Amino acid sequence: MKHSKGRMAMRQGVILTGLGIAVWAVPTLFFLLFGDWVMLGINEPYFGSSLFLLEMLSFLLLIGMALIVRLRLFRERGSATRFGFAATAVGLLLSTFTIWQRDSVFPSFNADQHHSYAVWMTLAYALTLLVPAVMDRLIKEPAKAEAALAVPAVHADQPLADPEPSDDVSEPIDSVDDKKTE
């Protein structure tokens, strides 16, 4: 049994590491293809708007990834948070080399665009830590959700209580009908 738990944990680690590589590769390829059009320099007038839109896109993609990890891949609580940690660790390691070799990775970027990319990347990795953790908190456990709808359970140490008699003693149905006719 210990071997199967170890294998499951290793399998989950490999999958989360692969997802972390994907989280790094997709934006890197996006900026390789479209960086000249979407990555504005820090001194340009619409830099803030451009950065906000790029971060919102990152935010939405991270919500989707966290939901996939938590609801489809690994249904246990904390799996989306582990995804965020793995994606951040792998992504920061790979992004270190991307920034280090920025002139060969993004040859068409000017110095301001390289700085913009570093700002976007820093904020995106902060989101990568926060968004999956928040999604883990927002997603309710199926057993807890069902228990909230169910009748409260009686514990073994509590005696069963008789229903309290009501103070309103109703009359027999026949006598009520007799009063209506009078």
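Biologist: In this predicted model, where a residue counts as buried under 20% relative accessible area and as exposed over 50%, is Ser79 buried or exposed?

Modeller: Ser79 has its place in helix α3, which covers residues 79-100. Leaving out residues up to four places away in sequence, Ser79 touches Gln12, Val69, Arg70, Phe74 and Asp136. Its relative accessible area is 0%, and because the limit for that class is under 20%, Ser79 is buried.

Biologist: Which helix gives the largest share of the lining of the largest pocket?

Modeller: The largest pocket, with about 400 Å³ of space, is lined by 21 residues, of which Val23, Val26, Pro27, Ser58 and Leu61 lie nearest its centre. By class, the lining has 17 nonpolar, four polar and no charged residues. At least two lining residues come from each of α1 (2-38), α2 (47-73) and α5 (111-138), and the largest share, eight residues, is supplied by α1.

Biologist: Which element contributes the largest share of the largest nonpolar core?

Modeller: This core holds 13 residues, and those touching the most other members are Phe31, Met39, Phe109, Tyr117 and Trp120. Two or more of its residues come from each of α1, α2 and α5. The largest share, five residues, belongs to α5.

Biologist: Which residues does Trp120 contact, leaving aside its neighbours within four places in sequence?

Modeller: Trp120 is one of the residues that touch the most other members of the largest nonpolar core. With those sequence neighbours set aside, the contacts of Trp120 are Pro27, Phe31, Met39, Leu51, Leu54, Glu55 and Ser58.

Note on methods:
Residues are numbered from 1 along each chain as its sequence is written. This is a predicted model: local features need pLDDT of at least 70, side-chain atom pairs count only at pLDDT 80 or more; totals for chains, interfaces and linings use all residues. Side-chain values use heavy atoms; hydrogens and water are left out. On a 1 Å grid over the protein atoms alone, a cavity is a set of points where a 1.4 Å probe fits but cannot get out, and a pocket is an open set with protein on both sides within 12 Å along at least five of seven lines; lining residues have an atom within 4 Å of a point. Grid points are joined across faces, edges and corners, and a volume is the space filled by probe spheres set on the points. Helices (H or I, at least four residues) and strands (E, at least two) are DSSP runs, numbered from the N terminus. Ala, Val, Leu, Ile, Met, Phe, Trp, Tyr, Cys and Pro count as nonpolar, Asp, Glu, Lys and Arg as charged, and the others, Gly among them, as polar. Buried means under 20% relative accessible area, exposed over 50%, partly exposed in between (1.4 Å probe, protein chains only). Contact means heavy atoms within 4.5 Å. A nonpolar core is a set of buried Ala, Val, Leu, Ile, Met, Phe, Trp, Tyr and Cys residues joined through side-chain atoms within 4.5 Å.
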